[in-house]
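We will go from stop to stop, picking out side chains and looking at what surrounds them.

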Amino acid sequence: MSHLGASDPTLLLRHMRVLSTLGGVSPRATPGSHDDSATVVISQKVRPGREDEYRRWQDRTNEVAGEFDGFEGTEQYPPPSAEGNEWVVVFRFSHLDQLTAWMGSDTRRELLEQGRDLFEEAPTQEVLAGGTPVRDAVTAVVSHDVRPDQERAFVSWQEKILSAQRKFPGFMGSELFRPVKGVQDKWVAAFRFDTRHHLDKWPESTTRRKLLDEGRGAFVSYDVRKVGSAFGSWFRFEQGTEEGAPPNWKQAMSVVLALYPTVEILNLVVSPRLAALGLPGYLALFISNVLSVCILTWLLMPLVNRALAFWLMPGQARSLRIDVAGAAVVAICWLAFVVIFGLTTGRQPAPGDAHDEEVVMSEHSWRSRIEGALLRRGDAGYETARARALWNELKPDRYPDVIVRATCERDVQEVLKLAVSRGLRLAVRAGGHSWCGSPLRDGGILLDLSGLNQWKIDADSATATVQPGVIGSRFARELARRDLAFPAGHCPSVALGGYLLSGGLGWNSGLWGVGCASVLEITAVTADGEVLRCTEEEHPGLFWAARGAGPGFFAVVTSFRLRLQPRPTALATTSYVFPLAAVGPVADWATETARELPANVELSFLLAGGDASGVTDGPWPKVVVVTATAFANSHTEAVGALHPLRSCPLSERPLSRRLDEPTSLAVLYDASMDLWPDKHRYAADTLWSHEDYAVLLAKLGDAVAKAPSGESFVLAPVSPVSQEDELLRNMAFSVLGESYVVPYAVWADPAQDDVNVHWLRDAMHVVEPFGTGHYIAEADLTADPSRARRSFTAADWDRLQSLRAEYDPQSLLFSYLSA
């Protein structure tokens with residue numbers, strides 16, 4: 001960093017930092033105004049010959065910064081010329097305290113120590129704490145070393161500068177940032193103009209020179225730096241500098257002018273040849289991107305610069321007439337390219353053209369249109385993708401013709417077009433947690449949505465928009481950081497797509513309702529490729545079905561908008577462990593006590609062997625565990641909620657008793673993983689019933705006692721669904737009984753597949769006479785042809801069939817799996 005004399009405008013021009021890619025900051029009304037956002041701009045002089053080491057070090061630093069709370073992004077800018085060695089890195093955080101935490105962390109200090117030898121001198125930094133980013137403006141940032149006793153005079157002097165700047169053409173605003181204790185000890189002034197040409201006029205002006213002389217006594221020195229414009233060397237009109245960079249909007253228009261025909265030609269000429277080589281879509285796309293960037297950098301952009309120099313060069317384009325004329329020329333060229341490619345590429349097949357060979361797209365063309373990977377049966381990688389389609393290690397012998405992993409909503413539309421054109425049916429998976437393997441079908445296309453895994457949280461409205469591939473436990477952890485919550489699934493690896501479509505029995509659902517009760521809106525792609533926004537008012541039938549229809553849903557959901565809850569800050573658990581032989585009286589006592597528990601207490605029974613129960617302080621082989629978890633806002637409140645369970649009148653003494661133990665969502669998820677470990681084989685089924693838990697669990701206890709695997713268990717949540725009518729309204733999800741049980745067969749040895757599946761079917765056969773229905777998410781749909789139908793009320797089932805006929809009349813999407 002150079003310390004510039006206060007009256008040297010030529011040095012100031014040479015070292016000006018133009019933050020055009022950062023945008024500007026909001027115009028100030030008074031000095032020091034700011035909001036909570038924070039940005040730090042770090043300048044680093046890298047030793048010659050150490051650039052590759054520096055890049056690797058900076059990549060590690062960026063990755064580590066991304067793990068800190070509030071991190072929003074980072075940008076890195078190389079020297080503007082080959083002779084330079086000054087690199088600039090920008091880190092953005094949501095709040096100043098989060099930026100300060102990152103900059104003062106031991107982790108960052110260790111990284112700085114590791115990279116010390118890479119730099120000629122210590123890196124310098126300016127912190128911009130506050131201000132609202134504004135795009136498409138050119139901003140200069142100057143930091144001042146203000147004398148300790150001259151701060152008031154400095155602020156008054158800055159006000160005079162602001163008044164003078166307002167009279168200059170193109171001035172858009174400025175901001176003054178006070179020092180940030182422990183991070184930035186200098187005052188930082190940022191001022192913004194609409195073009196580089198107008199910005200350059202200000203430091204050259206007589207007015208500014210006079211003001212610098214006037215304010216000399218308020219500060220010791222000031223520092224100024226430079227970062228290139230948004231498109232870097234594509235718009236250099238003067239060798240070795242960026243003094244001639246045009247405004248960002250002109251750069252963007254020019255890039256599109258060169259990029260559009262490049263991409264179209266590569267798509268028509270190169271993509272089919274890459275596909276013919278058998279390259280997957282993601283690799284073909286990478287090669288096409290490399291080719292397009294090379295063509296732009298060394299061929300087309302130099303031509304565009306020369307052809308549009310009258311408009312792009314700020315030194316020439318200084319009138320509104322030239323700006324409008326140049327923009328019109330570019331727009332006309334755009335239109336010409338659209339017409340040319342529209343005439344030469346022809347129309348795409350409509351759904352009705354599925355069997356017309358003249359209009360059906362070639363496979364190579366489909367691969368080029370789908371961004372994600374497309375694998376046919378027999379391709380390298382197919383079997384790996386088929387196996388990964390299910391989390392369960394027990395893989396059914398069913399083989400789709402094609403597997404596509406979508407990376408965006410447009411991929412979903414293209415896959416639906418492909419299915420129509422080839423006469424193939426479509427199955428959909430998000431996280432693959434269907435115990436019976438519903439997404440895996442014989443023939444057709446398997447559309448994998450696990451790549452759609454983004455979320456956007458709006459804390460102010462307590463809502464979030466999530467894609468189907470988002471993992472529930474990760475989403476819950478992110479919400480907790482913002483003091484928000486959602487009834488995510490109990491198993492930590494379950495994705496939200498299938499969970500919400502099936503209803504969603506999750507954490508604290510007795511108070512918050514099932515997961516789908518929190519769905520406010522969905523975006524769905526229908527069988528004819530139409531993208532629909534669905535709410536209670538818009539496409540209400542599709543919205544109703546998406547809240548509970550499960551794997552038989554007849555459209556593809558690409559996003560859910562969810563209502564969020566305040567995060568319970570104090571969780572506590574009470575648990576009892578009894579011998580399995582005592583299951584009858586234990587069930588009577590616990591279900592009677594449950595009537596005294598508030599809705600924010602989640603009570604469940606677990607019938608298991610020692611391995612599955614997680615109990616470590618006893619030698620007993622088979623047990624019944626009663627667990628209650630309170631979701632409260634203080635430990636006192638949690639203890640009060642669990643109080644009815646403190647006394648147990650049973651004559652059988654519990655083998656273990658733990659009262660009011662503080663816990664956390666992370667601990668609860670760890671306990672869940674003990675029940676559902678990775679790399680295991682599973683079979684499961686469900687049953688709703690009006691029978692007492694004592695009767696159901698006594699019969700299932702006999703089955704657990706004889707289970708061929710010590711890891712198998714029965715889970716029975718008491719009142720797993722909220723009793724509030726509002727939280728059961730307008731959904732296909734059906735509560736079909738007062739009691740609910742789920743037996744799980746869990747084992748690791750493939751040789752034991754048959755014996756464990758038969759154990760599950762035999763256990764269900766014993767309690768089936770007491771059943772009133774099933775839960776579609778975990779029902780063993782292959783056990784009986786009636787499983788899917790009996791997972792809904794008769795009226796809801798009929799409505800689902802009617803809606804399927806309306807939205808998917810050709811049955812493009814697979815319906816429910818059956819025996």
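Which ring does the charged end of arginine 108 sit over? Select arginine 108 and tryptophan 102: the charged end of the arginine is over the tryptophan ring, 5.9 Å from its centre. A charge counts as sitting over a ring if NZ of Lys or CZ of Arg is within 6 Å of the ring centre and within 35 degrees of the ring normal.

Before moving on, a word on what you are looking at. This is a predicted model, in which local features need pLDDT of at least 70 and side-chain atom pairs count only at pLDDT 80 or more, while totals for chains, interfaces and linings use all residues. Residues are numbered from 1 along each chain as its sequence is written, and side-chain values use heavy atoms, with hydrogens and water left out.

**Another charge over a ring**

Now select arginine 799 and tryptophan 544. Here arginine 799 lies over the face of tryptophan 544, 4.2 Å from the ring centre.

**Aromatic pairs**

Next, colour the aromatic side chains. Rings of Phe, Tyr and Trp (its six-membered ring) pair if their centres lie within 6.5 Å; planes under 30 degrees apart count as stacked, over 60 as edge-to-face and the rest as tilted. By this rule there are 32 aromatic pairs.

Zoom in on one of them, tyrosine 576 with tryptophan 589, an edge-to-face pair with 5.2 Å between centres and 85° between planes. Tyrosine 576 belongs to strand β20 (residues 570–579) and tryptophan 589 to helix α20 (residues 583–594), so the pair ties together parts 13 residues apart in sequence. Helices (H or I, at least four residues) and strands (E, at least two) are DSSP runs, numbered from the N terminus. Buried means under 20% relative accessible area, exposed over 50%, and partly exposed in between (1.4 Å probe, protein chains only).

For a tilted pair, select phenylalanine 792 and tryptophan 797: the centres are 6.1 Å apart, with 35° between the planes. Both of these residues are buried.

Select Trp391, Trp435, Trp676, Tyr682, Phe713 and Tyr744 together; ring pairs link them into a cluster. Asparagine 392 is buried, with a relative accessible area of 2%. What does asparagine 392 touch? Not counting residues up to four places away in sequence, its contacts (heavy atoms within 4.5 Å) are Gly432, Trp435, His680, Arg681 and Tyr682. Show the backbone as well: the nitrogen of leucine 394 lies 2.9 Å from a polar atom of the asparagine 392 side chain.

**Salt bridges**

Side chains of opposite charge can pair when their charged atoms come close. The salt bridges on this tour have a side-chain nitrogen of Lys or Arg within 4 Å of a carboxyl oxygen of Asp or Glu. By this rule the count is 28.

Arginine 386 is buried at 4% relative accessibility, whereas glutamate 383 is partly exposed at 40%.

Jump to aspartate 52 and arginine 55, which bridge at 3.0 Å, N to O. This pair lies in helix α2 (residues 51–65). Aspartate 52 is partly exposed at 49%, as is arginine 55 at 37%.

Now pick glutamate 592 and arginine 595, joined at 2.6 Å, N to O. Glutamate 592 is partly exposed at 46%, while arginine 595 is exposed at 64%. For a network of salt bridges, select Arg369, Glu371, Arg410, Glu414 and Lys417.

**Last stop: glycine 503**

Where does glycine 503 lie? Look in the loop between α17 (496–501) and α18 (509–512). Glycine 503 is buried, at 0% relative accessibility. Its C-alpha is 6.1 Å from that of valine 514, eleven residues away in sequence. Beyond neighbours within four places in sequence, its contacts include Val514, Cys516, Phe733 and Tyr775. Cysteine 516 is itself buried, at 0%.

Technical notes:
Polar contact = N/O pair within 3.5 Å; in protein donor to acceptor, adjacent residues only side chain to side chain.
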